[in-house]
Amino acid sequence: MSNAPPSLLTVRDLSVSFATTRGEAKVLRGVSLDMARGQIVGVVGESGSGKSTLATALLRLMPGNLLRMTGEMALDGTDLLTLSPARMRALRGARISMIFQDPMSALNPVFSIRTLMTDVQRAKTPGASRAQMHARAVAMLDKVGIPDAAERIRDYPHQFSGGMRQRIMIAMALLTEPDLLIADEPTTALDVTIEAQIVRLLEALRDNTGVSILFISHSLGLVAELCDQVVVMYAGTVVESGPADALFARPAHPYTQALLACEQSTRDQSDAKLVVIPGEVPDLTRVPTGCIFAGRCAHVMPECRAQVPALRSAGPGHRAACFLVQAPSQPPEAAP
Amino acid sequence: MSDTMRYVISRIITTVLVLFGAMLVLFSLTLFVPGDPARVLLGPRASPEALQALSERMGLDLPIYAQVGRFFGNVLRGDLGVDVISGRPILNMVMDVLPYTIALTFAAIGIAVAIGVPLGCYAATHPNTVGDRITAVISVGFIAIPNFVVAIYLVLIFSIWLNWFPVLGVSRTGGFWDQLVRLVLPATSLALGWIGYIARLVRSSLLEVLNENFIRTSRAYGISENRIVYKYALKNAAIPTVAILGLGVGRLLGGAIFAEIIFARPGIGSLIYAAINTRNYPVVQAGVLVVVFLFVVTNLLVDLSYSKLDPRMSRRGGTGGRMP
């Protein structure tokens with residue numbers, strides 16, 4: 001934990017709950033996260049793990065049934081949780097921007113790319129002329145690999161393929177030079193070859209512009225390929241976090257281990273049985289006591305059901321919330 | 001040929017077919033009129049010679065297929081016949097009153113849009129608040145009250161009690177201002193129901209659009225809420241409203257009868273009404289034909305305007321292949 005690079009984004013103990021017909025759903029519980037400038041941090045988890053809620057919480061774009069949001073979120077020292085709505089809006093786009101899962105529905109269908117990209121700039125750079133904004137938009141489209149950008153900027157979203165639309169979204173998000181780009185499953189709706197291109201594009205943009213990327217995905221393989229740091233989420237909590245190489249080489253939490261086994265079994269094209277994690281994600285309106293994964297864990301012990309395990313060190317910068325975790329490099333202390 | 005052109009042409013062909021159908025129905029009117037149309041027109045005491053002459057002039061002695069051909073031929077040449085009573089070409093009679101009807105229609109729809117769209121936007125951006133409920137009550141009330149009742153009350157309140165507006169008529173010789181003043185009450189009486197329709201429709205389509213993913217995208221990029229509602233969402237929500245406006249214009253062009261009668265305004269509606277009263281079927285035929293024509297053409301224009309509002313409608317998708 002020594003000489004960590006200065007943090008760009010700090011999330012401490014973030015909890016979010018929504019009002020549902022079945023009561024209060026505690027979708028995020030005590031999530032903490034650190035991101036250094038220029039890093040790509042991956043957030044992985046199944047559907048319902050709260051990873052998308054985390055993304056929208058950072059931008060404070062929560063649906064109307066938000067009940068409670070507590071904890072700390074700070075970008076470069078600016079407290080995001082207490083910022084006034086107007087200041088928060090000014091910060092969106094300018095300092096934090098976001099790209100979304102489904103590029104087909106995330107671009108307004110009745111406006112041309114030029115109009116969309118001009119308006120994004122208008123809010124942030126009031127002095128710029130129409131021609132300047134146009135030129136910047138074309139340059140950015142060019143940068144994300146839209147061929148013939150000067151011509152095609154006049155086109156409408158439906159005239160582009162899914163991969164091209166995701167590139168356009170990335171261009172829109174980066175137009176205002178944000179410090180942090182949140183990518184919420186940006187490749188889920190795309191096919192595999194396009195997925196690889198988009199991932200490579202994000203990597204190149206990070207290298208060229210220094211933008212930090214919070215990459216949300218359900219695919220461990222993708223995260224392993226792209227990210228410096230990884231956060232594994234399960235049912236609204238962080239169960240494991242650490243440097244990507246360490247985490248994938250020595251997954252410490254039983255959930256991460258199971259997730260890796262699942263993904264390997266789907267990748268191997270053999271007829272061997274598909275590995276699944278038995279059980280279901282718990283109902284977040286009735287959060288059980290103890291470890292949230294206890295109900296599905298292969299190594300469950302009595303104490304798991306009694307008390308929530310804290311995050312324990314599993315190596316340098318590598319932590320997991322499991323009673324079984326032992327740091328491999330540390331000598332066993334006070335062993336009897 | 002581009003998809004857009006193909007779409008335009010197919011819509012025009014449909015329009016022409018509808019018009020032909022309407023003409024056939026209108027022609028059949030003369031067949032179903034009880035008794036001989038010439039006798040109906042000239043009255044019971046007409047001399048046999050006069051009847052004979054009128055029948056020949058109207059082509060009633062010809063076989064039916066020849067009558068149909070004659071009717072279509074005349075209409076296509078723009079000849080709607082000559083009014084037996086006044087001796088004037090019917091087309092001229094229609095053209096004399098048409099501007100009054102068109103002015104009334106567009107004034108009414110203009111008022112309805114100017115009030116209905118902001119009401120709908122307000123309700124959609126404040127869903128389930130007291131203000132939303134109030135606009136709902138107002139809208140439904142406006143829709144429910146028949147426009148002739150509104151017209152009578154408007155005359156009573158604003159013309160007779162308050163004496164703000166002239167009671168009746170149009171100023172045939174007066175200037176623009178006088179015309180406009182005399183348009184206010186009739187146009188308002190017709191507009192109220194449409195205010196209600198438009199407000200309800202804008203509210204529901206806007207609420208739907210505001211839940212779309214692309215609206216969240218705009219918010220994530222820090223676009224101001226006003227721009228999101230009044231530019232990004234409203235254009236998406238406009239299509240159903242424009243469709244209703246097309247119907248509204250078409251309906252009012254032929255259906256402003258009550259307002260025209262109550263306010264004693266000349267217009268297509270009152271022309272047809274008077275012709276029905278005097279059993280003047282050729283004028284009814286011609287008047288209805290013009291109304292149908294305007295209705296169909298309005299809706300053609302509305303359909304074609306969709307592709308302006310939503311570029312996906314022109315159906316030239318895919319990459320590349322832009323039209324210059």
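## Helix span and H4 of chain B

The expected span of a helix is 1.5 Å times one less than its number of residues. Helices (H or I, at least four residues) and strands (E, at least two) are DSSP runs, numbered from the N terminus. Helix H4 of chain B, residues 64-76, has 13 residues and should therefore span 18 Å at 1.5 Å a residue; its end C-alpha atoms are 18 Å apart, in agreement. After H4(B) comes Gly78(B), with a positive phi near 85 degrees.

## Model and confidence

This is a predicted model, in which local features need pLDDT of at least 70 and side-chain atom pairs count only at pLDDT 80 or more, while totals for chains, interfaces and linings use all residues. Residues are numbered from 1 along each chain as its sequence is written, and chains are lettered from A and ligands numbered from 1 in the order in which they are written.

The complex has an ipTM of 0.84 and a pTM of 0.79 from the predictor. pLDDT is the predictor's confidence in each residue, from 0 to 100. Its average is 87 in chain A, where 93% of the residues score at least 70. Residues 331-336 of chain A have pLDDT below 50, and this stretch has zero contacts in the model beyond near neighbours in sequence. A contact here means two residues whose C-beta atoms, placed from the backbone, lie within 7 Å. For chain B the average pLDDT is 82, with 92% of the residues at 70 or above. Residues 316-324 of chain B stay under 50, and the model has twelve contacts for them beyond four places in sequence.

## Chain B overall

Chain B has 13 helices and zero strands. Its C-alpha atoms fill a box of roughly 85 × 60 × 35 Å along the principal axes. Of the 324 residues in chain B, 34% are buried. A residue is buried if 20 or more other C-beta atoms lie within 10 Å of its own, exposed if 12 or fewer, and partly exposed in between, with C-beta atoms placed from the backbone. Among contacts in chain B between residues at least 6 apart in sequence, 71% join residues at least 24 apart.

## Packing of H5 and H8 in chain B

Helix H5 (residues 90-125) and helix H8 (residues 176-210) of chain B pack at an angle of about 35 degrees, and their axes are 5 Å apart. Axes are lines fitted to C-alpha atoms, for helices over the stretch in contact, and angles run from 0 to 180 degrees between N-to-C directions. The crossing of H5(B) and H8(B) is right-handed. The contact of H5(B) with H8(B) involves 28 nonpolar residues, three polar and one charged. Ala, Val, Leu, Ile, Met, Phe, Trp, Tyr, Cys and Pro count as nonpolar, Asp, Glu, Lys and Arg as charged, and the others, Gly among them, as polar. A crossing is right-handed if the near helix is turned clockwise from the far one by less than a right angle, and left-handed if anticlockwise.

Asn128(B) lies in the loop between H5 and helix H6 (130-144) of chain B. Asn128(B) is not a glycine, yet its phi is positive, about 60 degrees. Asn128(B) is classed as exposed because 8 other C-beta atoms lie within 10 Å.

## Contact between the chains

The contact takes 23 residues from chain B and 28 residues from chain A. On the side of chain B that touches chain A, the elements giving two or more residues are helix H9 (213-220) and helix H10 (225-255). H9(B) supplies the largest share of that side, six residues. The residues of this side of chain B divide into seven nonpolar, eight polar and eight charged.

## Sites in chain A

Val31(A) lies in strand E2 (residues 23-36) of chain A. Val31(A) counts as buried because it has 25 C-beta neighbours inside 10 Å. Leaving out residues up to four places away in sequence, Val31(A) touches Val11(A), Leu14(A), Leu54(A), Thr237(A) and Val238(A). Val31(A) and Val238(A) are 207 residues apart along the chain, with their C-alpha atoms separated by 5.9 Å.

Ala86(A), in helix H2 (residues 85-91) of chain A, is exposed, with 9 other C-beta atoms within 10 Å. Arg60(A) sits in the loop between helix H1 (51-58) and strand E4 (66-75) of chain A. Phi of Arg60(A) is positive, near 50 degrees, in a residue other than glycine. Arg60(A) is partly exposed, with 19 C-beta neighbours inside 10 Å.
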